[in-house]
Amino acid sequence: MKKSKIIIIDGTYYLYKFYYTFPTFKNKKEEPTGAIFGFINMLSKMFFLYNPKNLIVVFDSPAKNFRKILFSKYKSNRKKMPLPLQKQISNTINIIKYLGIPVVVISKFEADDVIGTLSKKYEKKNYSTFISTKDKDMAQLVSKKIKIIDGTKKTILGIIDIKKKYGVFPKQICDFLGLIGDKSDNIPGIRGIGKKTAILLLENFDSLKEIYKNIKKISNLPIKRSKNIEQIIKNNKKKAFLSKKLATINTNVPIKIKKKELKLKNINIKKITLLLKKYEFKNWENIINAFLK
C-alpha cells in the first residue's frame, strides 16, 4: 500500500473473536494466550496481504459512553468480559505497541466512533482508508475513499458491495438498523419489522425521516399486511429514531493525538521477543520477521 493509504483495525472486535476462536490456548504457567495468539497472526496477515505504510489499532474505552447514557439497556444483553480475556488485554496492547503499531483508546468512546472519526479525518486528507472489522455498523462509513476489509478475509467492501450484502446503501445503514434493530448491541428497532420490509421501505422512501413523512403511502406498497405495518411504524416513531441514534457512529470524537503518534514505528525486538517467549509461541522468530519485511 502507498503512503496515502491506511488500515484502521477494530481491535475490540478481534479481541473477542480470537478469544472465542482459541479458548483453550495456554502456556505452561496456565496463562491464557488465545486472544494474543490470534491477534498477532491477524496483524502479520495484514502486513503480508497489504504491506501497509500506515496502520492503527483502535480499542473501546471501558468508561461509560454516550449510548449507555442515552439508553441504559444498550449492550445489557452481553455477558461481562470473561476473566481469561481480561488478563490478555494489556499484553495484547503491549505487543501491538512493541511491533511499532499505534494504539488508540479515547476515554468514554467506543472503538466504532474513534474509527469513524479517524477515517473521516483521513478521507479529508485524500487518504484511502480500509477498516478491518466484521461489525455491520461500520458499513455506514463506506464511501469512495473508505472501504471495509471483511474481517480476516481478503474481501474488500465498497459502496456497491455493502448494498449487495445488506440490501441498502451505506448512507442508509443507520435507518435500516433504526427499523430492524441490532440484537448484538441490544438496539430495539421496531418489533414486527424484518429485513425485507425495511429494505423495501428504504428503497421507496430513502430514509427513516422520509418514511415518517410519507407514512400514509406505506399501505400502497407491495408488502404483506401493509396497513398493519403502517400502524406499527406509526406507533413506534420514538423507538425507531432512538435506535437510529444508537446505531449512528459519532465521527466527531475529540482525538488529541499528534500526527507523528499515529505513524508506524520501528519494532522493539527485545521487548516483543520477551513477551512472545513468555507466551511460548513457537514461531516467534517468523512472527517478528513478518513485520520486518
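The structure is a predicted model. In it, Lys121, Lys124, Lys125, Lys259 and Lys263 form a positive surface patch, while arginine 67 is buried.

**Positive patch**
- The patch is made up of Lys121, Lys124, Lys125, Lys259 and Lys263, and one of these residues, lysine 121, belongs to helix H5, which covers residues 111–124.
- Lysine 121 has a relative accessibility of 38% and therefore counts as partly exposed, since that class lies between the cut-offs of 20% and 50%.

**Arginine 67**
- Arginine 67 sits in helix H3, which covers residues 66–70, and its relative accessible area is 2%, so that it is classed as buried.
- Leaving aside residues up to four places away in sequence, arginine 67 touches Tyr74, Glu110, Asp113, Leu246, Thr248, Ile249 and Asn250.

**Asparagines with positive phi**
- Most residues other than glycine have a negative phi.
- Asparagine 51 has a positive phi, near 40 degrees, and is placed in the loop that runs between helix H2 (34–50) and strand E2 (55–58); with a relative accessible area of 35%, asparagine 51 is partly exposed.
- Asparagine 126 likewise has a positive phi, near 70 degrees, and is found in the loop between H5 and strand E4 (128–133); asparagine 126 is exposed because its relative accessible area is 53%, where the cut-off for exposed is over 50%.

Methods: Residues are numbered from 1 along each chain as its sequence is written. This is a predicted model: local features need pLDDT of at least 70, side-chain atom pairs count only at pLDDT 80 or more; totals for chains, interfaces and linings use all residues. Side-chain values use heavy atoms; hydrogens and water are left out. Patches are made of residues with over 30% relative accessible area and no salt bridge: like charges are joined within 9 Å, nonpolar side chains (Val, Leu, Ile, Met, Phe, Trp, Tyr) within 5 Å. Accessible areas come from the Shrake-Rupley method with a 1.4 Å probe; for residues, only the protein chains shown count as cover. A salt bridge is a side-chain nitrogen of Lys or Arg within 4 Å of a carboxyl oxygen of Asp or Glu. Lys and Arg count as positive and Asp and Glu as negative; His and the chain ends are not counted. The place of a charge is taken as NZ of Lys, CZ of Arg, CG of Asp or CD of Glu. Helices (H or I, at least four residues) and strands (E, at least two) are DSSP runs, numbered from the N terminus. Buried means under 20% relative accessible area, exposed over 50%, partly exposed in between (1.4 Å probe, protein chains only). Contact means heavy atoms within 4.5 Å.
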